[in-house]
Amino acid sequence: MACQDDFDCPGTLLCYEEVKWTEDEFFCSCNHYYGWVGENCTELGGHSIFAVSVFGIETLVALAFILLAVSDTHRAVRSGMKIKLTTTVIAWLYSTTALILMVVWNFI
């Protein structure tokens, strides 16, 4: 299908211009960056499957670390232990916040 820009292509197709793998000058094709393949660009390619697998593993590991961080905090507060704001504790707080935000980002 001939096109001039991305808006000329239906659905998730992109307009490609003068690429080396074909002799067509302007044509619509799947968005290969996100791993879409197939005739209608509705199937997941190798890149997509790899990304989904890695994000799933990352999320599980992050959830395990978040659970450990929350349980340690709960135990420290429950025992009446005072938490001093040392560089280690501040780094731990930043890391826990980053893990929570990463899990949220993966689910968006």
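Me: How many disulfides does the structure hold?
Reply: The structure holds three disulfides, a disulfide being a pair of cysteine sulfur atoms within 2.5 Å. This is a predicted model, in which local features need pLDDT of at least 70, side-chain atom pairs count only at pLDDT 80 or more, and totals for chains, interfaces and linings use all residues. Residues are numbered from 1 along each chain as its sequence is written, and side-chain values use heavy atoms, with hydrogens and water left out.

Me: What is the pattern along the chain?
Reply: Counting bonded cysteines along the chain, the pattern is 1-3, 2-4, 5-6.

Me: Which cysteine is joined to cysteine 3?
Reply: Cysteine 3 is joined to cysteine 15, S to S 2.0 Å. The link is right-handed, with 90 degrees about the S-S bond. Cysteine 3 sits in the segment before β1 (14-17) and cysteine 15 in strand β1, twelve residues apart; strands (E, at least two residues) are DSSP runs, numbered from the N terminus.

Me: Is cysteine 15 buried or exposed?
Reply: Cysteine 15 is buried, at a relative accessible area of 16%, and cysteine 3 is buried at 4%. Buried means under 20% relative accessible area, exposed over 50%, and partly exposed in between (1.4 Å probe, protein chains only).

Me: Now cysteine 30 and cysteine 41: how far apart are their sulfur atoms?
Reply: The sulfur atoms of cysteine 30 and cysteine 41 are 1.9 Å apart. The torsion about their S-S bond is about -95 degrees, so this disulfide is left-handed.

Notes:
Helix = DSSP H or I, 4+ residues; strand = E, 2+ residues; numbered from the N terminus.
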